[in-house]
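Please look over the structure shown here together with the report that follows. The report moves from terms and overall form to individual elements and residues.

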Amino acid sequence: MDFLTDQDAKKYQEDGYLILDGLLSPAECDELRLRMGEIVDRMDVPEHCRIQFSTNHDEQLKTQGNADYFITSGDKIRFFFEKGVFDDKGDFTVPKERSLNKIGHALHAYEPLYKTATHSPKIQGIAKKLGLKSPVILQSMYIFKQPGIGGEVTPHQDATFLHTEPLGRVMGVWIALEDATLDNGCLWFIPGSHNNGITRRMVRTPEGTYPLTDFVGREATYDDKLFIPAPVKKGGVVLIEGKVVHKSEQNASEKSRHVYTFHIMESQETKWNPENW
């Protein structure tokens, strides 16, 4: 039996997103979390995070270090931190494992457990059912959404950052490794908003200029009342069409909201924008 039914596929096409229970078993979720714990345990904190602020020049170096580190992370496993987790000496103000916002962007390439989860028969079945002919993985991330400090993610569309011609060739696969609830910062969507195109793009700036990325266009403003929450149980998955508007609130609870997420692109007859980060 298909993991994704015809009815599911229709709902995904209508709403621009879909919640499905039971992609992973609880044991598979725990295994991925355990492996992530080992990665964090062995983490080398990037140098630019340790820069002490004493002048504007230091601040500039830190900002530039952050940007370089991000823009070259597409084929690596790198660490991105929440705000305010380092003191002015560059030491942690919170336990190391509570400091991270996310790890990206190539877990699917280098970490066997994550590779297996990314290329599983269920994921392949979803891609086939949705009519993909030649799917490729663009990027993957582990998102922590830490208790108390996990920051909000403002309304956005994934196609802003992963732009293709034609649009709509990218799908996010967002796997809850713990329950994602209203309290700990589940996703919210505007159903049907994937039919309205996109309003801004993040692009690489010309070589030798700074900052390294910039936005073309502006994010539209959205009526809060249009957003519908999308809580999902541990092991469940949310499929996210690249143009659908979504967000998540800050995690003010005492529970984390760990997620493994990756993006699939239909590569057949699709032009990947060379200006993408």
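## Terms and basis

A residue is called buried when its relative accessible area is under 20%, exposed when that area is over 50%, and partly exposed in between, with a 1.4 Å probe and protein chains only. This is a predicted model, in which local features need pLDDT of at least 70 and side-chain atom pairs count only at pLDDT 80 or more, while totals for chains, interfaces and linings use all residues. Residues are numbered from 1 along each chain as its sequence is written, and side-chain values use heavy atoms, with hydrogens and water left out.

## The chain as a whole

The secondary structure of the chain consists of six helices and 15 strands, where helices (H or I, at least four residues) and strands (E, at least two) are DSSP runs numbered from the N terminus. The radius of gyration is 19 Å, close to the 19 Å that the globule rule gives for 277 residues, so the chain is as compact as a globular protein of that length; the radius is taken over C-alpha atoms, and the rule is 2.2 Å times the number of residues to the power 0.38. Along the principal axes, the C-alpha atoms fill a box of roughly 60 × 45 × 40 Å.

Of the 277 residues, 47% count as buried. The chain exposes about 14,100 Å², of which carbon and sulfur atoms supply 52%, the areas coming from the Shrake-Rupley method with a 1.4 Å probe and, for residues, with only the protein chains shown as cover. Among contacts (heavy atoms within 4.5 Å) between residues at least 6 apart in sequence, 81% join residues at least 24 apart.

## Helix α1 and its cover

Helix α1, residues 6-15, has Asp8, Ala9, Tyr12 and Asp15 as its buried residues. They cover an arc of only 145° around the axis, which puts them on the same side of α1; the arc is that of the directions from the helix axis to the C-beta atoms. The face turned away from this buried side carries the exposed residues Asp6, Gln7 and Lys10.

The cover over the buried residues of α1 includes β1 (17-20), α6 (121-129), β7 (170-176) and β12 (237-241). Just after α1, Gly16 takes a positive phi of about 90°.

Strands pair if DSSP finds at least two bridges between them: β1 is joined to β12 by four bridges and runs antiparallel to it, with Val238 as the bridge partner of Ile19, while β7 pairs with β12 in the antiparallel sense over five bridges, with Gly172 opposite Ile240.

Strand β14 (residues 259-266) is mostly covered, with eight of its eight residues buried. Val259, Thr261, His263 and Met265 point one way from β14, and Tyr260, Phe262, Ile264 and Glu266 point the other way. Strand β4 (residues 135-143) runs antiparallel to β14 and is joined to it by eight bridges, Gln139 standing opposite His263. Strand β7 also runs antiparallel to β14, through seven bridges, and here the bridge partner of Gly172 is His263.

## A four-stranded open sheet

Four strands form an open sheet in the order β5-β13-β8-β11, with antiparallel pairing. Strands β5 (153-156) and β11 (228-230) stand at the edges, each with a single partner strand, so one side of each is left without a neighbour in the sheet. Strand β8 (residues 187-189) pairs with β11 in the antiparallel sense over three bridges, and Phe189 has Ile228 in β11 as its bridge partner.

## Two loop residues

Phe86 is found in the loop between β2 (77-81) and β3 (100-105), and at 17% relative accessibility Phe86 counts as buried. Leaving aside neighbours within four places in sequence, Phe86 is in contact with Val45, Cys49, Arg50, Phe81, Asp91, Phe92 and Thr93. Phe86 and Lys96, 10 residues apart in sequence, are 10.0 Å apart in space, C-alpha to C-alpha.

Ala220 lies in the loop between β10 (213-217) and β11 and is partly exposed, with a relative accessible area of 28%. The C-alpha atoms of Ala220 and Val245 are separated by 9.9 Å, and these residues are 25 residues apart along the chain.
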